[in-house]
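Here is a short note for a first look. Please read it with the structure open.

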Amino acid sequence: MIIFGTKGYLYQLAILTLVCGQCGNPAAHTLRKRVTKFTLFFVPLFPVSTKYATQCTFCGAEQRVTAEQATQLQAQAAAGGQGQGYGQPHQQQPYQS
């Protein structure tokens with residue numbers, strides 16, 4: 001009897017401040033990587049699929065991104081810059097009374 005299957009692993013790559021495409025709020029977004037690995041006798045052997053996504057911490061909306069976009073967002077987070085969430089970075093508006 002051979003026991004095989006898959007197991008998912010979730011990695012948090014970065015946290016960025018982006019404007020959410022769902023709720024429109026400038027909020028922290030987590031950049032996540034989900035890797036699904038093939039297992040044999042409960043031992044993970046090799047990755048079957050890899051997917052990247054950002055998730056808004058304000059409303060919980062999740063949007064898939066490509067591997068290239070994930071690499072760019074991770075580089076921006078490492079450089080300390082603001083990420084470009086869904087085409088618009090968060091910008092401070094001057095206070096008007």
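**Notes on the predicted model**

1. Start at Val65. Beyond its neighbours within four places in sequence, Val65 is in contact (heavy atoms within 4.5 Å) with Leu31, Tyr52, Ala53, Thr54 and Ala70. This is a predicted model, where local features need pLDDT of at least 70, side-chain atom pairs count only at pLDDT 80 or more, and totals for chains, interfaces and linings use all residues. Residues are numbered from 1 along each chain as its sequence is written, and side-chain values use heavy atoms, with hydrogens and water left out.

2. Val65 also belongs to the largest nonpolar core. Its eight residues are Ala14, Leu16, Leu18, Leu31, Tyr52, Val65, Ala70 and Leu73. Such a core joins buried Ala, Val, Leu, Ile, Met, Phe, Trp, Tyr and Cys residues through side-chain atoms within 4.5 Å; buried means under 20% relative accessible area, exposed over 50%, partly exposed in between (1.4 Å probe, protein chains only). The largest share, three residues, comes from β1.

3. Now check α1. Just after α1, Gly80 takes a positive phi of about 85 degrees.

4. Turn to strand β3, residues 43-56. Strand β3 gives the most to the nonpolar patch, with four residues. Leu45 lies in this strand. Is Leu45 buried or partly exposed? Leu45 is partly exposed, at a relative accessible area of 47%.

Terms used: Helices (H or I, at least four residues) and strands (E, at least two) are DSSP runs, numbered from the N terminus.
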